[in-house]
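Please read them with the coordinates open.

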Amino acid sequence: MSVPTGSAPPLTAPASASAEWERKPKTIDANLKDYRAAASTFNWKEVEREFDWSRTGKVNVVHEAVDRHAASRRKHKVALFYTDFERRDEQYTFQDLKVLTSRFAHGLTRLGVKRGDRVATFLPRTPELYIAILGIHRIGAIPVPLFEAFMEQAVLDRLGDSEALACVTTPTLKERIPLDKLPALQHLVLVGGAGSLGTKEVSYQQLIEGSPDWCEPAWLTIDDGLIIHYTSGSTGKSKGALHRQYAMVGHYQTAKWALDLRDDDRFWCTADPGWVTGTSYGIYGPWTLGISSVVIGGRFDPERWYQTIQKYRVTMWYSAPTAYRMLMSAGEAVARRYDLSSLRHICSVGEPLNPEALKWIKKITGLAPHETWWMTETGMQLICNYRSEDFPIGSTGKPFPGTYSTVVDDQGRELPPGQLGHLVVKPGWPSMMQSIWKNPAKYQEYFRIPGWYISGDTAYKDAEGFIWYQGRSDDVIKTAGERVGPFEVESALVAHPAVAEAGVIGKPDEVRGQIIKAFIALRKGYQPSEQLKQEIAEFVKTHLAAHAAPREIDFVEKVPKTRSGKIMRRVLRAWDQGLPVGDTSTMEE
Ligand code: WT7
């Protein structure tokens with residue numbers, strides 16, 4: 001879809017937002033001291049030298065993230081601090097991770113899992129999830145993490161497409177895995193639970209207990225698969241972005257320069273490994289650097305979040321605007337009950353950080369969250385505001401050294417400052433996805449403007465070189481920072497017996513950025529009612545995922561479509577906002 005290129009939005013944030021915003025003085029103790037110098041001289045080859053594989057030629061991320069630390073002064077350093085505030089409160093050193101991931105790797109090998117096979121994880125955020133992912137790496141298999149909130153349809157789509165051979169899950173979550181529809185899936189590895197095991201089931205505990213403490217990693221090449229993350233586009237079902245081992249180079253350096261991680265940090269990345277932030281910066285970035293990570297289980301809860309910072313003396317915090325806004329709505333009094341003074345740096349990702357949320361976090365912590373922009377497909381942060389650099393409030397940031405992002409028109413020509421266009425990246429950064437799993441055509445779509453990777457976002461650049469994110473140019477929805485494809489939701493909706501047609505859009509929302517809104521035409525014999533709305537929303541919740549269920553439903557006579565049958569979401573958005581629908585000459589009648 002083309003963007004209205006050439007129009008000129010304001011060059012700075014609204015006056016109201018920037019009025020009391022002081023641009024900060026240079027911080028000199030940051031890892032990245034001089035952005036301009038780095039942007040002109042930095043070379044990724046320098047980073048390759050930080051990895052053992054640059055000398056040995058033997059590649060495996062588990063070696064770089066775990067084993068080499070376990071063989072160093074970091075052997076007994078805590079890699080993972082974990083609590084769920086109820087039953088578990090645990091710590092794992094790099095040595096512990098080496099042993100546990102080795103044992104798990106042996107277990108997988110006994111099941112017949114081999115290099116290159118896909119192994120899914122479908123687990124709550126627990127230490128076992130991290131051990132499983134690293135254990136899968138150890139044998140050279142490819143992890144496919146599934147977010148624990150997925151319901152049957154979402155699980156089926158992802159396990160089916162990736163043809164995972166095994167899935168590590170729990171007795172509760174396994175109920176959502178339709179084994180009979182997944183011919184490739186041979187093993188369910190069950191974490192916890194004491195009941196008897198069914199066919200294809202094995203116990204995680206037994207795998208771990210019966211195995212030796214050391215398993216040499218499978219030695220791979222830098223082009224071998226690292227991980228598949230499923231993500232949503234504006235059309236079709238979710239697609240698997242496959243990353244390669246070399247991506248670790250990008251994770252490492254961005255964790256060092258954008259997150260500004262240091263050896264003595266306690267780093268808290270709040271993202272779940274079901275999403276790319278939870279692996280790139282919940283696993284690969286911090287652990288290739290040998291840094292202590294904090295992980296908490298359970299649902300979002302303001303008190304627990306502040307308590308986490310206080311309990312672990314978190315120094316670096318990486319979270320998302322919706323979370324900051326939810327903390328904001330819990331009020332200042334709650335924040336003031338906790339000691340947040342350990343923090344020294346905060347970053348944000350997933351959706352634009354609005355000035356109000358930024359200022360509020362600054363008020364309670366003394367620190368302004370710094371933007372990081374990137375995508376599942378990019379694997380690493382690409383546009384950031386840096387700790388050592390001054391930045392205008394509301395801006396997305398500048399290209400990470402050694403990468404180049406810019407704003408272009410439909411033909412790929414760079415636009416002058418102030419003009420709205422496609423946000424694109426010059427291909428070739430270290431953690432660029434290698435392919436879309438089993439879907440080369442989809443992969444090609446990202447490169448349809450020659451010379452550029454097309455993000456699907458719109459933006460403009462200002463005269464100082466800051467990029468300002470402006471929105472999506474397609475129909476992808478960002479709700480509470482999570483990426484949802486309208487097609488997936490529409491498919492779930494039409495599976496409900498009352499629904500004849502459904503069209504789904506993202507509707508602007510103060511706290512969540514966007515919420516999912518559905519327009520539904522009912523089948524004959526069904527009457528619109530509040531109760532039916534609830535029933536339909538519940539249906540999506542239980543089949544797809546709670547976060548993908550519509551929070552608003554409008555019943556309509558007909559869902560507007562083009563003559564070729566494409567849903568005209570532009571018209572739905574206009575209806576929703578009570579605006580004129582514009583040109584409808586392509587609409588079916
Ligand atoms: C989309 C990618 C990989 C990070 C988690 C999200 C939006 C991401 C920002 C930001 C404004 C942002 C974009 C992007 N986005 N970061 N700092 N400011 N928008 O990854 O789920 O693949 O979503 O998230 O629209 O295209 P994702």
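1. Helices (H or I, at least four residues) and strands (E, at least two) are DSSP runs, numbered from the N terminus. Lysine 398 belongs to strand 16, residues 398–399. This is a predicted model, in which local features need pLDDT of at least 70 and side-chain atom pairs count only at pLDDT 80 or more, while totals for chains, interfaces and linings use all residues. Residues are numbered from 1 along each chain as its sequence is written, and side-chain values use heavy atoms, with hydrogens and water left out.

2. Leaving aside neighbours within four places in sequence, lysine 398 is in contact (heavy atoms within 4.5 Å) with Tyr35, Leu382, Ile383, Cys384, Tyr386, Glu464, Gly465 and Phe466. A polar atom of the lysine 398 side chain is 3.2 Å from the backbone oxygen of glutamate 464. Proline 560, 162 residues from lysine 398 in sequence, is 40 Å from it in space, C-alpha to C-alpha.

3. Which residues come nearest to the ligand? They are Glu371, Thr372, Thr376, Lys478 and Arg483, out of 17 residues around it; a residue is near if one of its heavy atoms lies within 4 Å. The shell divides into seven nonpolar, four polar and six charged residues. Here Ala, Val, Leu, Ile, Met, Phe, Trp, Tyr, Cys and Pro count as nonpolar, Asp, Glu, Lys and Arg as charged, and the others, Gly among them, as polar.

4. Polar contacts are pairs of N or O atoms within 3.5 Å; within protein, one must be able to donate a hydrogen and the other to accept it, and residues adjacent in sequence count only if both atoms are side-chain atoms. A ligand nitrogen atom is 3.5 Å from a polar backbone atom of glutamate 351. An oxygen atom of the ligand lies 2.9 Å from a polar side-chain atom of aspartate 457, and a side-chain N or O atom of arginine 472 is 2.9 Å from an oxygen atom of the ligand. Of the 560 Å² of accessible area that the ligand has on its own, the protein covers 96% (Shrake-Rupley method, 1.4 Å probe; for residues, only the protein chains shown count as cover).

5. Helix 11, strand 14 (370–373) and strand 21 (467–472) each give two or more residues to the ligand shell. Strand 14 supplies the largest share, three residues. Why is helix 11 described as largely enclosed by the rest of the structure? Because 13 of its 13 residues (276–288) are buried, that is, under 20% relative accessible area, with exposed over 50% and partly exposed in between (1.4 Å probe, protein chains only). Glycine 290, which follows helix 11, has a positive phi near 75°.

6. The structure holds 45 salt bridges, each a side-chain nitrogen of Lys or Arg within 4 Å of a carboxyl oxygen of Asp or Glu. Aspartate 89 pairs with lysine 311, the closest N and O atoms being 2.6 Å apart. Aspartate 89 lies in strand 2 and lysine 311 in helix 12, so this pair ties together parts 222 residues apart in sequence. Aspartate 89 is partly exposed at 49% relative accessibility, as is lysine 311 at 38%.

7. Glutamate 552 and lysine 507 form a salt bridge at 3.4 Å, N to O. Strand 26 holds glutamate 552 and strand 24 holds lysine 507, so the pair ties together parts 45 residues apart in sequence. Glutamate 552 is partly exposed at 25%, whereas lysine 507 counts as buried at 19%.
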